[in-house]
Amino acid sequence: MSSQSSIHGEWGSRWAFILAATGSAVGLGNIWRFPYVVGEYGGAAFILVYLGCIVLIGLPVMIAEILLGRSGRQSPINTMRTLPARYGASQAWQILGWLGVVAGFLVLSFYSVVGGWSLAYVPFTAAGNFSGAETAVVEGFFDDLQASPWQLLGWHTLFMALTAFIVVRGVEHGLEKAVRVLMPVLFFLLLVMVGYGMGAGDFAGALEFMFTPDFGALSGEAILVAMGQAFFTLSLGLGAIMAYGSYLSSKYSIPGNSAMIAGADTLIAMIAGLAIFPIILVAGLDMQQGPGLVFVTLSYGFGQMPGGLLFGTAFFLLLSFAALTSAISIMEPATAYLVESRGWRRPAATATVAGAAWFVGIGALLSFNVWAGYELFGLNFMQLTEYLSTSIMLPLGGLLIALFAGWVMPRAFSEKELAFSDQRWYRLWLLLVRYVVPVAIVVVFANTLLNP
């Protein structure tokens, strides 16, 4: 077992790690993206494929990434310097550490902008601006927000400042304390929203849509999207899970904790669907609204329903919490690297990472207004940043994680470190991480490159 300790500290308990890693996974991808891709790609049949991909792709890669993190006990960049040297492998593997941290930095830059949207919707919804409003009014607020660089900058700045405030306090006093509060509140708000959907929405219709599969509606594209959603929803390849794994005590099981994290993440995604779809269905709104499902379509639905002001406000508060728990995990790897390798104090390292990501995020928010007419390869600044990070760098990072854990790390070490209760489970994991996962990721990777 790995006995080395991280200079950044350790999680106080396995539950702190599970909450933190689940918080990293649970973000806009679960509560914003999951419902609209389910709506677009056929409901229950899509969900079944998605669940299969979580088990066969997401979970093995998560186990591998935590394994690398706990073995190296450093930031992802330094971990991928140490481990290849330890196992006599090429130092070219350092690219894996850099890839995750750079991808995370890019994601954080535009993620903060979208997180700012969530924060903006909390006071606006609470003020009753959507109550009884026509569709044009709801759409107008979103359009006006996008068109105002100063409004977007203010909310972007607030979201980044909240993220940095948590990260600067370190593992035990910042990350751990934050997730111990935010994750239970997030889960409670989700359950409240489900209860609201049961009483005021078309809950029976939502159950049928989510759990009665129509495989005729399932296309090849839908299968590929389900694979991609399963991979990205667990925050794999960003360096966040590797960094969190480096703070995990050796006495805790990697496979057991990974299964709980993947299970909790999937459960929250399903609960989010049960919270959102009843409201969409009872209002007679289009399920295939894409990214606007939450910010435009759902806002209109809340505005037409009894108690919509209270529960609409709670929903956007929930969305803000979910975004924040992911953002702190994404900021952590780069911050940890500056502390380790440059000898910086944590406040200076956090401020540098937050400030740089905030600055790049300005380009993302200007993509909706001042820079709207400027494109490269048919993509504006935010779309290009999102495409490079999530469609290219993350799948490549996940592929390299699987290959390193499956082929470079000695089998005797990974077998001992993972300590599966039954050797058949270890052999299954090794089979998946060596063969199934790389092939699946290459398929998703090729699809995103060919169909951007």
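**Entry 1. Salt bridges**

The model is a predicted one, in which local features need pLDDT of at least 70 and side-chain atom pairs count only at pLDDT 80 or more, while totals for chains, interfaces and linings use all residues. Residues are numbered from 1 along each chain as its sequence is written, and side-chain values use heavy atoms, with hydrogens and water left out.

I then looked up how the two side chains meet. Glu332 and Arg346 form a salt bridge at 2.4 Å, N to O; the term stands for a side-chain nitrogen of Lys or Arg within 4 Å of a carboxyl oxygen of Asp or Glu. Glu332 belongs to helix H14 and Arg346 to helix H15 (residues 346-366), so the pair ties together parts that are 14 residues apart in sequence. Helices here are DSSP runs (H or I, at least four residues), as strands are (E, at least two), and they are numbered from the N terminus.

How many salt bridges does a search of the whole structure find? The search finds three. Another of them joins the side chains of Arg70 and Glu417 at 3.0 Å, N to O. Arg70 lies in helix H3 (residues 44-72) and Glu417 in helix H17, so this pair ties together parts that are 347 residues apart in sequence. I note that Arg70 and Glu417 are buried.

I also recorded the salt bridge between the side chains of Asp422 and Arg424, at 2.8 Å, N to O. Asp422 is partly exposed at 23% relative accessibility, whereas Arg424 is exposed at 59%.

**Entry 2. Helix H17 and its end**

I examined helix H17 (residues 411-418) for its buried residues and listed Ser414, Glu417 and Leu418. They share one side of H17, because they cover an arc of only 90 degrees around the axis; the arc is that of the directions from the helix axis to the C-beta atoms. Ala412 and Lys416 are exposed on the other side of H17.

Ala419 follows H17 and sits in the loop between H17 and H18. Its phi is positive, about 50 degrees, although Ala419 is not a glycine. Most residues other than glycine have a negative phi. Ala419 counts as partly exposed at 44% relative accessibility.

I found a positive phi at Arg73 as well, near 55 degrees. Arg73 is placed in the loop between H3 and helix H4 (76-86). Is Arg73 buried or exposed? Arg73 is buried, with a relative accessible area of 2%.

I looked up Gln229, which lies in helix H10 (residues 220-233) and is buried at 2% relative accessibility. Neighbours within four places in sequence aside, Gln229 is in contact (heavy atoms within 4.5 Å) with Gly29, Arg33, Phe34, Val37 and Tyr50.

Met382, in helix H16, is buried at 8% relative accessibility. Not counting residues up to four places away in sequence, Met382 touches Phe110, Val114, Ala364, Ser367 and Phe368. Met382 and Glu340 are 42 residues apart in sequence and 31 Å apart in space, C-alpha to C-alpha.

**Entry 3. Pocket and cavities**

I used a 1 Å grid over the protein atoms alone: a cavity is a set of points where a 1.4 Å probe fits but cannot get out, a pocket is an open set with protein on both sides within 12 Å along at least five of seven lines, and lining residues have an atom within 4 Å of a point. Points are joined across faces, edges and corners, and a volume is the space filled by probe spheres set on them.

The largest pocket has a volume of about 1,400 Å³. It is lined by 43 residues, of which Arg33, Tyr36, Glu386, Thr390 and Ser391 lie nearest its centre. Helices that each supply at least two lining residues include H10, H14 and H16.

A search of the whole structure finds three cavities of 30 Å³ or more. The largest cavity has a volume of about 60 Å³, and its lining includes Ile57, Met227, Pro395 and Val444. H10 gives the largest share of that lining, four residues.

Definitions and conventions:
Buried < 20%, exposed > 50% of the residue type's maximum accessible area, 1.4 Å probe, protein only.
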